[in-house]
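Dear colleague,

I am passing on a structure that you have not worked with before, and below it you will find what came out of a first look at its packing. Please read the notes with the structure open beside them.

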Amino acid sequence: MLERLNEAMDHIELRLDGRVEAAELARIAMTSEYHLRRMFSALAGIPLSEYIRRRRLTVAGAEVLAGERTLLDVAVRYGYASGEAFARAFRAMHGIGPGEARRTGATLRSQPRMSFRLVVEGTSSMRYRIVEKEEFRVVGRKARVPLVHEGANPAIAAFIRSIDKETVERIRGLSDQEPEGIVQVSDDLDESRAEGTELDYYHAVVSSGPVPEDMDALPVTAGIWAVFDSSGAFPQALQHLWRDVFTEWFPSNPYRSRPGPEILRVHVSPDGARAEAQLWIPVERGTAA
């Protein structure tokens, strides 16, 4: 997988002054576009579209300083419809407009070209199982919240506090299958998975029963799930669980992610120092790495 991902990175470099299609990158990497975006974001720490934008503005910055083309020519060459649009994007990355950068020979920011390699440490193993589930529903309360990559999500915390204890217990009573009890469900995420983009968050249970009129429900189709169990210091172990799944497990196993909700069940110790977590990721069988 990583070798093919590096081939896709080479493809990006050859087309920074043209169109870079995510579908073509997925074809080169021999995976789905959905999984490519998920994998890249987990490995690189930024969305694929943001990386391409930064690389374009890095090489465009070098051409601005070189002075061999007009600023409009540089803008058009790197996919901007107008000098104004180019100037806005240029300033957002470099902190200075292209005209001023050319006049003053300013110091610009650079997005290095990325390549990926697998570092084998052998210090830990991931506990997982593969489960095939029939269709089910996620039933509970839903809120639209911003995506936060690191640390607590204030919007989710506030939403959970807004649900009264009686309602929480009613929701809990609807659980009738794995994963049992109250779960945290993320769905309808933006493809870029960029910080601040929005997602549907459910404080809910997994159920096959009737849905109360005052509850929100998310139908989930039948399919295969990879189930990961983790325990450790809270919240650090929990924050690293998604990263480890996409940077360690997927490159080493013949599965790839597929569209669907991500389901997390967490039990925090009474002193709040440790947690046990179970993460359900929708997957499909793919090609071994």
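**Leu25 and its surroundings**

In this predicted model, Leu25 is in contact with Ala8, His11, Ile12, Val20, Leu36, Leu48 and Ile52, if its neighbours within four places in sequence are left aside.

Leu25 also belongs to the largest nonpolar core, which has 37 residues, and it is listed there with Met9, Ile12, Phe40, Tyr51 and Phe250 as the members that touch the most others. At least two residues of this core come from each of helix 1 (2–14), helix 2 (22–29), helix 3 (33–44), helix 4 (48–66), strand 6 (223–233), helix 10 (236–252), strand 8 (262–268) and strand 9 (274–285), and helix 10 gives the most, with 6 residues.

Turning to the helix pairs, helix 1 and helix 2 pack at an angle of about 145°, their axes being 8 Å apart, and their crossing is right-handed. Helix 1 brings Arg4, Glu7, Ala8, His11 and Ile12 to this contact, while helix 2 brings Glu24, Leu25, Ile28 and Ala29; by class, these are 5 nonpolar, 1 polar and 3 charged residues.

Helix 2 also packs against helix 3, here at an angle of about 85° and with the axes 9 Å apart. Since angles from 65 to 115 degrees count as roughly perpendicular, helix 2 and helix 3 are therefore roughly perpendicular to each other. Their contact is made by Ala22, Ala23, Leu25, Ala26 and Ala29 of helix 2 together with Glu33, Leu36 and Arg37 of helix 3, and its residues divide into 6 nonpolar, no polar and 2 charged.

With best regards

Methods. Residues are numbered from 1 along each chain as its sequence is written. This is a predicted model: local features need pLDDT of at least 70, side-chain atom pairs count only at pLDDT 80 or more; totals for chains, interfaces and linings use all residues. Side-chain values use heavy atoms; hydrogens and water are left out. A nonpolar core is a set of buried Ala, Val, Leu, Ile, Met, Phe, Trp, Tyr and Cys residues joined through side-chain atoms within 4.5 Å. Buried means under 20% relative accessible area, exposed over 50%, partly exposed in between (1.4 Å probe, protein chains only). Helices (H or I, at least four residues) and strands (E, at least two) are DSSP runs, numbered from the N terminus. Contact means heavy atoms within 4.5 Å. Axes are lines fitted to C-alpha atoms, for helices over the stretch in contact, and angles run from 0 to 180 degrees between N-to-C directions. A crossing is left-handed if the near helix is turned anticlockwise from the far one by less than a right angle, and right-handed if clockwise. Ala, Val, Leu, Ile, Met, Phe, Trp, Tyr, Cys and Pro count as nonpolar, Asp, Glu, Lys and Arg as charged, and the others, Gly among them, as polar. Angles under 35 degrees count as roughly parallel, over 145 as roughly antiparallel, 65 to 115 as roughly perpendicular and the rest as oblique.
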